[in-house]
Amino acid sequence: MNLDQLFTRRLLVVAGKGGVGKTTVACALALEAARRGRSVLLCEVDGVARAPQLLEAERGALGQAVAARPNISLMAIEGKAALAEYLTMIIPVKRLLQAVFKSQLYHYFVAAAPGLKELMTIGKIWYEAERVDDSGARRWDHVIVDAPATGHGLQYLRMPAAARDAFEVGLVHREATRLVELLTDPARTAINLVTTAEEMPVNETVTMYRALREDLHMPTGLLFVNRLHDGGLAAADVERLTAAAERSRDDTERRLLRAVAARAREEIAWTALNTRHRARLAGAIDMPIIDLPFLFAEEFGFAELRTLAERMAAARTSAPVQRAGRK
Amino acid sequence: MKTIAEVVARHNVVVCAGSGGVGKTTTAAALAVHGALQGRRTMVLTIDPARRLADALGLRALGNEAHVVPLPGPGSLEAMMLDQKGAWDALVEHYAPSADVCQRILANRFYQHLSESFAGSQEYMAIEQLAELQASGRYDLIVVDTPPTRHALDFLDAPKRIAAFLDRGVIRWFIKPYFSAGWTTLRVVNRAAGSLLRRLEEATGVTALVEISDFFNSMSGLFDGFEQRVKSVDKLLRARSTAFVLVATPEAQVLDEAEEFGRNLAELTIPLRAMVFNRVHHEAATDLRRLDEEWLRGLVAGAVRGRERAGRLVDNFLRYEMQARGDHLRMEAFRRQLPGRPAVAMVPNFEEDLHDVAGLRRMLPHLLAA
């Protein structure tokens, strides 16, 4: 799989550990899809919406699509609001609906029912992914989902199957079955992973990959390895700089040469660390990898995001180590 | 209290909070190592499902039981990871009036889903566990690692929300009429509720509702005195002997979340005792605006005898300087808006993950410095 093939799928989930740049990668993926002329809905699930800031766009109300950039709309999804929207669709009597929303029982039920919010969130995503306009054309070419961090993200992906199994008949069973069908359909869906090439993020990514493949049986897409260091520096030059600093009689010169050496040493150490953990990742995960660079910036903004999208588009996916068992 | 060393020394419970991926677990582990090295009987409790603490302490598997971490010196260090599912079961086993009721609850499918996925249950069980450890009197210092701040208020509100969920009045209102008097009564009591439940019954199939009813029936009466317990747990979080430590990195998005957490604490009138910035780039060595770049390129080229390699070295240096400048500007702005005067520590960007006790000890000088 490469980016071209990824963009044949409609639902693109971007998952990973907190703090690895999941939102950034999801935004870059949306920019690249938009550049290819596809219409994209980028959904942020549960929590502080960060995409509006990165894309320099307006913040919309929960569950409302807001045009952010050419071909890109943004939506913040939250379970309780999604449930209200869903009930509005299935209970057409307005007076009854208002009574329901006002009742304390309803609020207890929403707060208490395990998994309900997760289920409604996935339901809303399904609705957007399958949505057609009046002419019968798809509303969105791609729905990109910036999923919650690993543990919570898995909880969301698990919920439809759990609901399908817990409710053996009825509406919930039927709806949950449709969600499971979408999430497990390799023609429509790809679950992408984002990680940095560091020890703990790699451990979590491997765990998540196994859960996706072995428990959830969901089709995987691309593995984005983010924030890779590679300054292309040589250790021998660090030695030379240090030696020159020792020889220098000028305080400013000595201080600067030492600082340049120190930063080179840091970059070399990061590069080595990234290389080691990236190899571990490639050995344990049977997904094509897209390498993304660490982008230095005083403030990471839209310019950096666009650079990242360009690097994503230019990256060649490296084939996974073993291809056995691929679906 | 000017340093984190003082904050740790003067409190019995230290709660580390922050976004995911900021080094919260590592920070909690390092603070616990410090406490133990100071001669205190220390426990570090993590509820992180990714088992990062296990990695950080070089332990293969942390169970619901305390593991002793070998350390030199007079103090002691134990580590524990909360197994959420096991903790709920333990709670039910503890409170169930009879073995029969206990079995019925454990076998209930609704309960099984609940104990695995009820939002806030993880947070609540952590606090419950914390209260139990504290009550045992076996520790002088308990360091707690928390779930990510996206759910900050979830953590602090967990006791109240669980109490509301298990409120007997609510349970009776919600489900009991369904059993005892049937639908008609319920409809009379609350028209909207009746319609909603009827709708739900059609939607879900009766079996699920029966299980939910059965669950609530078994649960009601189970948690006699639970409210009392929730109150005492809430008191522990607000006690003077408990300190909150906020952990962040200098990234803009992380700081936004940290700011929100700080506000939440202030609203709950819980003081923030300390602030830890992890993965801080070194202090900028130069004022980039005043630096003569060409002169530096010449200087470095002379040192390494090659203009092209020198160019790469200087570019690298300038990139790091720019990054460092951004980090420090953001941290300064963040510190200015922090309420109160928490102790602040800056921990550098270690090029290696800290995954054993020796590594954690390397972190300590930075963490404890003024």
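The secondary structure of chain B amounts to 18 helices and 8 strands, where helices (H or I, at least four residues) and strands (E, at least two) are DSSP runs numbered from the N terminus. The model is predicted, and local features need pLDDT of at least 70, side-chain atom pairs count only at pLDDT 80 or more, and totals for chains, interfaces and linings use all residues. Residues are numbered from 1 along each chain as its sequence is written, while chains are lettered from A and ligands numbered from 1 in the order in which they are written.

Chain B has 370 residues, and 46% of them count as buried. A residue is buried if 20 or more other C-beta atoms lie within 10 Å of its own, exposed if 12 or fewer, and partly exposed in between, with C-beta atoms placed from the backbone.

The 8 strands of chain B form an open sheet with mixed pairing, in the order β3-β4-β2-β5-β1-β6-β7-β8. Two strands pair if DSSP finds at least two bridges between them. At the edges lie β3 (67-69) and β8 (343-348) of chain B, each pairing on one side only. From one strand to the next, the twist averages 20 degrees; axes here are lines fitted to C-alpha atoms, for helices over the stretch in contact, and angles run from 0 to 180 degrees between N-to-C directions.

Because 7 of its 7 residues are buried, β6(B) is largely enclosed by the rest of the structure. B:T242, B:F244, B:L246 and B:A248 point one way from the strand, B:A243, B:V245 and B:V247 point the other way, and all are buried.

The strands β6(B) and β7(B) make a right-handed β-α-β unit with helix α15(B). A crossover is right-handed if, with the strands pointing away from the viewer, the path from the first strand over the helix to the second runs clockwise.

Helix packing comes next. Two packed helices are described by the angle between their axes and the distance between the axes. Helix α15(B) and helix α17 (residues 307-337) of chain B pack at about 5 degrees, with axes 11 Å apart. They are therefore roughly parallel to each other, on a scale where angles under 35 degrees count as roughly parallel, over 145 as roughly antiparallel, 65 to 115 as roughly perpendicular and the rest as oblique. In this contact, B:A252, B:L255 and B:E259 of α15(B) meet B:R330, B:F334 and B:Q337 of α17(B). By class, 3 of these residues are nonpolar, 1 is polar and 2 are charged. Ala, Val, Leu, Ile, Met, Phe, Trp, Tyr, Cys and Pro count as nonpolar, Asp, Glu, Lys and Arg as charged, and the others, Gly among them, as polar.

Helix α2 (residues 24-37) of chain B meets helix α18 (residues 357-368) of chain B at about 85 degrees, with axes 9 Å apart. These two helices are therefore roughly perpendicular. The residues of their contact divide into 9 nonpolar, 1 polar and 1 charged.

In chain A, strand β7 (residues 220-228) is mostly covered, with 7 of its 9 residues buried. It pairs in the parallel sense with strand β6 (residues 189-196) of chain A over 5 bridges, where A:L193 has A:L223 as its partner. The chain crosses from β6(A) through helix α10 (residues 199-216) of chain A to β7(A), in a right-handed β-α-β crossover. A further 4 bridges join β7(A) to strand β8 (residues 289-293) of chain A, and these two strands run parallel; A:L223 is partnered there by A:I289.

Helix α10 of chain A contains A:P201, which is buried, with 27 other C-beta atoms within 10 Å. A:P201 touches A:K17, A:V20, A:T195 and A:T196, leaving aside residues up to four places away in sequence. A:P201 and A:L281 are 80 residues apart in sequence and 9.9 Å apart in space, C-alpha to C-alpha.

Note on methods: Two residues are in contact if their C-beta atoms, placed from the backbone, lie within 7 Å.
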